[in-house]
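Welcome! Take a look before reading on.

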Amino acid sequence: MIKDLALEQVVGDHHALGTSITLQIFGTQNRDLLQKSFDLIDHYEDIFTVNRDESEVMDINHAAGEHPVQVSSAVYGLVKLAVEKSRENFGFNALIGPVVKLWHIGFKGAHVPKDEEIKDRMLLTDPFKVVLNDSDQSVFLKMKGMELDLGGIAKGWIADRIRDLWRAYGVEAGIINLGGNILLVGDSPKRISGQWSIGVQDPKQPRGDNITSVMVPECSAVTSGTYERYLVVNGKKYHHLIDPRTGYPVKTDLAGVTTFTKTSVEAEIECKRLFFAGKPLKGWHDNPDRIGTIFVYNDEHIEYDNFGD
């Protein structure tokens, strides 16, 4: 059975969510499910995106300071999760957009803003100024200029929905790769143990060059790192991960954190929690859905949390 699953497979590539997507399903040669998966990804991008003028999330942003906006259950559920996690104040903030746009790191016009500019924009990032109404699934941003951006967790949430679709169609094994956000479905058909081998990016090498790898069960792997987008001014390097508690790039010795959890949306959230913490957190593994973390530091030393190395 293992051999058969590994031999038969379909692979498809797609561009969406601002990244390159690869889906791999073992045990079949039917490509119909790949297309259904890509259609579903496109649908979610259409309602979640802030990179176009029209989407359900942009409807919320356009109405900031004016009135609540009723949205679909998918958008409301993800907005509610994002706002609740933002209120925990561990480093993730779905309202940080106005400050990120001020820095614009990784894009044309990137610069170091003035302190006063950052302080002004920070007033627009308070997650407690978002009104969530469960009764009619509406969202209201209290101040004009506030912006919701679900980019920090949307890919993980969408990956989980693709896995739901695959399970409904009886897929036994597959890999969902949303631009480096990995979700492994079922047991690996290539090993008797069912374990998957996952590589961790070397922060000083081109994408795809790994610094280490681990064996894991069915799970999601997500990385946050400082190495892909940055700005250098007068010899000082500013990376793109803005700390919503300060408005400046987070100060850290970390180059990257890769988190392994049962669901991809949790991997997105917990990856940011651990990146902003800058180290393993006591009690983090008390949750059985959390498998482990790999910390890669700027001096290239590696810390394996819960992998027994």
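## The three-stranded sheet

Three strands form an open sheet in the order β3-β5-β4, with antiparallel pairing. At its edges lie β3 (69-70) and β4 (130-133), each pairing on one side only. Strands here are DSSP runs of E with at least two residues, helices are runs of H or I with at least four, and both are numbered from the N terminus; two strands pair if DSSP finds at least two bridges between them.

Between β4 and β5 (residues 138-141) there are 4 antiparallel bridges, and Asn133 stands opposite Ser138 in β5. Helix α4 (residues 73-87) packs on this sheet and touches β4 and β5, where contact means heavy atoms within 4.5 Å.

## A hairpin

Strands β1 (residues 9-16) and β2 (residues 19-26) run antiparallel, joined by 8 bridges. His15 stands opposite Ser20 in β2. The hairpin has 2 residues between its strands, and Leu17 takes a positive phi near 55°.

## The nonpolar cores

The largest nonpolar core has 51 residues, and Phe48, Leu148, Trp166 and Ile176 have the most contacts inside it. Helix α7 (residues 151-168) gives the most to this core, with 8 residues. A second, separate core of 17 residues includes Leu184 and Phe307. Such a core is a set of buried Ala, Val, Leu, Ile, Met, Phe, Trp, Tyr and Cys residues joined through side-chain atoms within 4.5 Å, buried being under 20% relative accessible area (1.4 Å probe, protein chains only).

## About the model

This is a predicted model: local features need pLDDT of at least 70, side-chain atom pairs count only at pLDDT 80 or more, and totals for chains, interfaces and linings use all residues. Residues are numbered from 1 along each chain as its sequence is written, and side-chain values use heavy atoms, leaving out hydrogens and water.

Terms used
Buried means under 20% relative accessible area, exposed over 50%, partly exposed in between (1.4 Å probe, protein chains only). Axes are lines fitted to C-alpha atoms, for helices over the stretch in contact, and angles run from 0 to 180 degrees between N-to-C directions.
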